[in-house]
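Good morning, and thank you for making time on the agenda.

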Amino acid sequence: MEDGIGGRAVVLGGSMAGMLAARVLAEHYAEVVVVDRDDLVGAVGPRRAVPQASHIHALLARGQRILEDLFPGLTNELVARGASIGDFGSDLRWYFGGSRLKPDPTGLICVGAGRPLLESQVRKRVRELAGITFLEQTDIAGLVPNAAGDRIVGVRVSGRSADSAEQTLTADLVIDATGRGSRTGRWLEEMGYPAVPEEVVKMGLTYTSADFAIPRSEDLLGTDIASIPVASPDNPRGAIFARMPGVASVSLTGILGQKPPTDIEGFREYARSLPVPEVYEAIRDVEPVNGPFSFSFPASRRRRFERMSRFPGGLLVIGDAACIFNPVYGQGMSMAAVEATILRDLLRRGAAEPRAYFKAVAKAQNAPWSVSAGGDLSFPEVEGKRTFAVRMANAYVPKLQAAAASDGVLAGAFLRVAGLIDGPQRLLTPAMMLRVLRAPKPKPQAGVGTVVTTVSAPPPIDTIQASGVGETEAA
């Protein structure tokens, strides 16, 4: 603990967001307790609280940088445990409408690791910090307000065994990191607070994943880390084919009723329908070692805590508990990392009051929400509010993606925005727009088929291709 602010902070949820919050809190609180319904210590595989943990997931470039800052040497630790490493622009194959973005180094690090590996390594580093306690196999029953009801002073918890009694865990600060199943909004309403305003985009995403033991001699990725054909309004099917520690993983995605099958023959046929043949070619004669299994994601949901007229002190929300991004864009864990830095900066200035925290979080969410929600709204059947800015972006971005097939500068700029390094305005400068206008029309690549311009942003692989978010724990 560097600068003491309080005696005890409690983190609800041992998700990635929970671990990042605990790491930051350890600098300022004498004791940090992480409460989770699962086992955390020694957990190396997918956890029950993270039902997506077997699917490819993502940590974007900005998230990788933040984790490396919070846990120096983490990237090298992951590589030492079998993760691949490369460059976002030159070692990943990004396909939009069948055309590949021009391969060009970006300087952005891509590390191919499974989410269980990433989580276990981060948990290990957090557990090594002084003052950290994991309260495992424990359910969260509710928040404890003070007598005036204007501040949260603890949480009610109970062990998962039949003879466990409910107890109150007092806290100077409580952080909800329980993911998309967060009950904070409901608890606040029960205490007399207004409902949390929300923005919702309904796209009906399903993705189905399987792991394959593909011999190196038959690996169509060569030295690359992943191939990523992105869904478009013309073909709402996408995929990611990625090299993971010990296996090759394939996640097939579909929106608006497109559901990749869970039987292997149907899985292969779905892969064959993609505009890029290499995913199907890689798995057509190989049996899976794990899967296929599916996960459904009905809607993105942004909880606008900053717009509430009243909010109790002593309570903050982080990760998917604050904003549930479409996982296809890989933004969840990276935004949790960004929010952890916001928490850190406020604590270093003396305190993390809810109004200041949620205002800063909302500002940080604006760009990634505009990328993912705006990209989903390019599909006419997706439900959500289409502002003038969204309609303009959805007219411009497909032209930029098509131009980036032959222009490495545009490709790199696009990936920096997708990786949350730069804001979307980077793509709207006069110089960038001129490059888009002057770009030659892309030609279909051999074996790929007709070029169709698209509007989507990248699916789930950015810096760390990992797995899942959670039912009650996400990023």
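Setting aside residues up to four places away in sequence, Asn 235 touches Ser 273, Leu 274 and Pro 275, where contact means heavy atoms within 4.5 Å. Asn 235 lies in the loop between strand S13 (226–230) and strand S14 (237–244). Helices (H or I, at least four residues) and strands (E, at least two) are DSSP runs, numbered from the N terminus. Asn 235 is also 8.2 Å from Gly 97, C-alpha to C-alpha, although 138 residues separate the two in sequence.

A word on the source. This is a predicted model, in which local features need pLDDT of at least 70 and side-chain atom pairs count only at pLDDT 80 or more, while totals for chains, interfaces and linings use all residues. Residues are numbered from 1 along each chain as its sequence is written, and side-chain values use heavy atoms, with hydrogens and water left out.

I turn to the sheet that contains S13 and S14. It is an open sheet of 8 strands with mixed pairing, in the order S5-S4-S13-S14-S15-S12-S16-S18; two strands pair if DSSP finds at least two bridges between them. Strand S5 (99–100) and strand S18 (323–324) stand at the edges with a single partner strand each, so one side of each has no neighbour in the sheet. S18 runs antiparallel to strand S16 (residues 288–303), and 2 bridges join them. Cys 323 in S18 is the bridge partner of Arg 302. Helix H6 (residues 264–272) packs on this sheet, touching strand S12 (198–212), S14, strand S15 (247–254) and S16, and its direction makes about 75° with that of S15. Axes here are lines fitted to C-alpha atoms, for helices over the stretch in contact, and angles run from 0 to 180 degrees between N-to-C directions.

Next, the charged pairs. How many salt bridges does the structure hold? There are 30 salt bridges, each being a side-chain nitrogen of Lys or Arg within 4 Å of a carboxyl oxygen of Asp or Glu. One of them joins the side chains of Glu 31 and Arg 8, at 3.2 Å from N to O. This pair links distant parts of the chain, with Glu 31 in strand S2 (residues 29–35) and Arg 8 in strand S1 (residues 6–12), 23 residues apart. Glu 31 counts as partly exposed because its relative accessibility is 27%; buried means under 20% relative accessible area, exposed over 50%, and partly exposed in between (1.4 Å probe, protein chains only). Another salt bridge pairs Glu 306 with Arg 304, whose closest N and O atoms are 2.6 Å apart. Glu 306 is partly exposed at 23%, whereas Arg 304 is buried at 7%. Salt bridges with shared partners also join Arg 93, Arg 100, Asp 224 and Glu 278 into one network.

Finally, the helix pair. The axes of helix H1 (residues 16–25) and helix H8 (residues 332–348) come within 9 Å and cross at roughly 20°. H1 and H8 are therefore roughly parallel to each other, as angles under 35 degrees count as roughly parallel, over 145 as roughly antiparallel, 65 to 115 as roughly perpendicular and the rest as oblique. Residues making the contact include Leu 20 and Val 24 of H1, and Ala 340 and Leu 343 of H8.
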